[in-house]
Amino acid sequence: MAAEREDGVKLIGLWLSPFVLRAKLALNIKGVEYENHEELNTWEKSELLLKSNPVYKKIPVLIHKGRPICESMIIVEYVDEVWSSERKQILPVNHHERAEARFWAYYIDDKVFPRLRDHVSATTQEAKEKAVMEAAAALQPLEKFFEQSSKGNSFFGGEDIGFVDIALGSFLAWITPLEKLDGIKILRDDNLPKLTTWAQHFCSHDTVKELMPDSDKMVQVVEFFRLKFSTA
Ligand SMILES: N[C@@H](CCC(=O)N[C@@H](CS)C(=O)NCC(=O)O)C(=O)O
């Protein structure tokens, strides 16, 4: 599908970042064409990144008409608002449902992400198993919310990918290689059946398939970061 031309849209990112994936998913869902500025890695930051996100110095940053927008889920909201007439709405239309979606996206970054970070930095089998258990426990409230939010459909957003799908689904870029590498599953039918099925639907979605980083390459990335953490 040809993306719509929109002058002056640039994304500062890096292919392996789940946060950058969120911005890419939103831009792709809305059919917004953009210039990709790829950072070298997360520690040698470009002048453009330092100038565009002087507070946190983190990716992603979206630059629209010369002005930077920082923080992945703020970028997703921005894209949804600016290109509001294009295709599908990412946030629900109903005000209460919008507030709920924002709440769960905040929860994912506050409670789920730190457990995944622990999992990446875990070097012993015991630490890996503890991180997996804690990540699964943090996902339990989302398992419940999925039932309410999906209304019997495949996604948190209903029939198609929405705000919470993007917030959580981006982390599958790291969850899948971690599961491959350690042979311990976070998402299993016996503990998180709805999220396990949701993850399959999410990864089979055309937009996601196009953008999700290759999981074998991500296995190498996880190994690299483990080594970096263990020798730090
Ligand atoms: N809360 C931020 C997190 C972004 C983030 O942690 N980005 C990482 C790459 S995955 C980064 O830029 N790290 C560089 C650093 O911490 O200095 C968001 O949602 O955009």
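C70 counts as partly exposed because its relative accessibility is 22%, and C203 falls into that class too, at 31%. Here partly exposed covers the range between buried (under 20% relative accessible area) and exposed (over 50%), using a 1.4 Å probe and protein chains only. If you are wondering about disulfides, meaning pairs of cysteine sulfur atoms within 2.5 Å, the count is 0.

Keep in mind that this is a predicted model, where local features need pLDDT of at least 70 and side-chain atom pairs count only at pLDDT 80 or more, while totals for chains, interfaces and linings use all residues. Residues are numbered from 1 along each chain as its sequence is written, and side-chain values use heavy atoms, leaving out hydrogens and water.

Now to the ligand. Around it you will find S17, F19, T42, K45, K58, I59, P60, E71 and S72, each with a heavy atom within 4 Å of it. By class, this shell holds 3 nonpolar, 3 polar and 3 charged residues.

Let us look at the polar contacts (pairs of N or O atoms within 3.5 Å). A polar side-chain atom of K45 lies 2.4 Å from a ligand oxygen. Ligand nitrogen atoms take part as well: one is 2.8 Å from a polar side-chain atom of E71, and a polar backbone atom of I59 lies 2.9 Å from a ligand nitrogen.

Key. A polar contact is a pair of N or O atoms within 3.5 Å; within protein, one must be able to donate a hydrogen and the other to accept it, and residues adjacent in sequence count only if both atoms are side-chain atoms. Ala, Val, Leu, Ile, Met, Phe, Trp, Tyr, Cys and Pro count as nonpolar, Asp, Glu, Lys and Arg as charged, and the others, Gly among them, as polar.
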